[in-house]
Amino acid sequence: MLNTVNRAHQLDILECIANLSTNEVATAPSIANKILDTLPLDVWSNPDLRWLDPGTKTGVFLREAAKRLLAGLADVIPDEDARRKHIYTHMLFGFPITELTGQISRRTLYYTKDASQPNQSVVEFDSPEGNIPFVRFEHTYKGSSTNCSICGAKKGVLDRGQDKDNHAYSFIHDKEVHSMRFDVIVGNPPYQLGDGGGGKGTSAKPIYHLFVNQAFKLKPKYVAMIIPSRWFSGGKGLDDFREKMLTSTKFRKLVDYTDAKEVFPGTQIKGGVCYFLWDSQYDGPCEIVRIQNGEIGTSVKRHLNAHGKVFIRFNEAAPILERVLDKSGEFLSNQVTSRNAFNILSNFSDYKDSKFDGAIEFYCVDGVKWIPRESINRNVGLIDRWKTLIPKAGPGNDGYPHKILGEPLVAGPGSVCSETYLVVGDYETEQEAKNMQSFLRTRFARFMIALVKNTQNLTKSGFEFTPKLPIDSNWTDEKLFAYYGIGLEEQEFINTIVKPMAGPENV
């Protein structure tokens, strides 16, 4: 039987293993241990708990849990061989996401991909897969639907034969899971599902929330997972999940990384990532910690839904927001147009480069072009108004500070835009439109938008906390800070989130 040894002086290959794809992100041992640290100390000395990693890729969570249990159960099960056998055979379980990750996870936890091999596996099992079996499942299509009723996978795209992964993950597709008992569920589930299974492209849809929901359904004592932070703002199938998360009072801790590269170097996960501890016996506010540029922010306990359906990830922002809400009657979300104001898609290309009879200006991804006035069938009344436009897609940088918004533009009468832009407001005069343009350039306005927007795309809901102010004068940060009583320390904090934006004369 193999003995447990201290390998602290050796390089841990799991610290530098590459990600399998955009949706299958490997977790470094250092991060796995931070997540395990959120659990109460008594779990490590309780021999009756059953642990599960529902989407294991490298087996790192199970391995690190095993190390802690071997030490924590020393007094409960003094004999080392008996203790090891109990932990590995009765306490630790994993559902691999693919055949390959099953082999990797067994190699990590058991020291061999065949757990039935005596003198090779840390504990000898009856089956080669031990407690980490990969079981292939198929997607479920009901009636004439072309999408899996469980995960939404497109029919015929991921069903590519038995020799290829179909990403029908067992934890959410296997009905027998519903009757299983696990006390502690930990891990890093798959994040998204794309047409080809790699999660790339605009068709990629979130899937991590299905793993979290399934974990809750099993009624464990604890759930500790790391997932993308995009759920903070909802969207694309996440609105119900966001409401469920925000209204729960069972979250003990939430640690938020605004830039995912601090956790997963070389991986781009828009909006950052977070890990949490959910405790079935807890009822109260959540301890919230934000980590930005390697610095750990102030820890604050507050309810996740303290500001309605929007989660405020910046603890320092809460008092500023409350002051703005108290003093503001209306907000820009009431006047910003919905997506695609003039019913012209971003990839529209049937335009002219120069003006012609009956043409109107057309603001699009390729610049300012010309299209026939009669081609517009939506919001026709806005054509001959002055308009302030903002790009729907903001800067791609996840690190702070950044600009939050793309460059706001002023479009004159006789103009429209594609869905590349949102119409923030329409006005009688050019000066009013320019005043709105100046307002959107202020750090204050972009900060209020940043409280809602933690993804690249902007919608009208992103202006939910941005006050609608009189637009007959030119607003500056100095005026806004004075109006809302935002002191120097709060201004300095805003500066750590929002970069300055050049004025019209510098654009």
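**Close-up views of side-chain contacts in a predicted model**

View 1. Arg-84 and Asp-81 are joined by a salt bridge, with their closest N and O atoms 3.1 Å apart; a salt bridge here is a side-chain nitrogen of Lys or Arg within 4 Å of a carboxyl oxygen of Asp or Glu. The model is predicted, so local features need pLDDT of at least 70 and side-chain atom pairs count only at pLDDT 80 or more, while totals for chains, interfaces and linings use all residues. Residues are numbered from 1 along each chain as its sequence is written, and side-chain values use heavy atoms, with hydrogens and water left out. Both partners lie in helix α3 (residues 80-91), three residues apart, about one turn of the helix; helices (H or I, at least four residues) and strands (E, at least two) are DSSP runs numbered from the N terminus. Arg-84 is buried at a relative accessible area of 1%, whereas Asp-81 is partly exposed at 43%, where buried means under 20% relative accessible area, exposed over 50%, and partly exposed in between (1.4 Å probe, protein chains only).

View 2. Arg-441 and Glu-407 form a salt bridge in which the closest N and O atoms are 2.2 Å apart. Arg-441 belongs to helix α9 (residues 430-441) and Glu-407 to the loop between β14 (386-391) and β15 (409-411), so the pair ties together parts that are 34 residues apart in sequence. Arg-441 is buried, with 8% relative accessibility, and Glu-407 is partly exposed, with a relative accessible area of 23%.

**View 3. The aromatic pair Phe-95 and Phe-171.** The structure holds 26 aromatic pairs, counted for rings of Phe, Tyr and Trp (its six-membered ring) whose centres lie within 6.5 Å, with planes under 30 degrees apart taken as stacked, over 60 as edge-to-face and the rest as tilted. The ring centres of Phe-95 and Phe-171 are 6.1 Å apart and their planes stand at 50 degrees, so the pair is tilted. Phe-95 lies in strand β2 (residues 92-96) and Phe-171 in helix α5 (residues 170-173), so the contact ties together parts that are 76 residues apart in sequence. Phe-95 is buried, with a relative accessible area of 11%, and Phe-171 is also buried, at 1%.

**View 4. The aromatic pair Tyr-191 and Tyr-208.** With ring centres 6.3 Å apart and planes at 80 degrees, Tyr-191 and Tyr-208 make an edge-to-face pair. Both of these tyrosines, Tyr-191 and Tyr-208, are buried.
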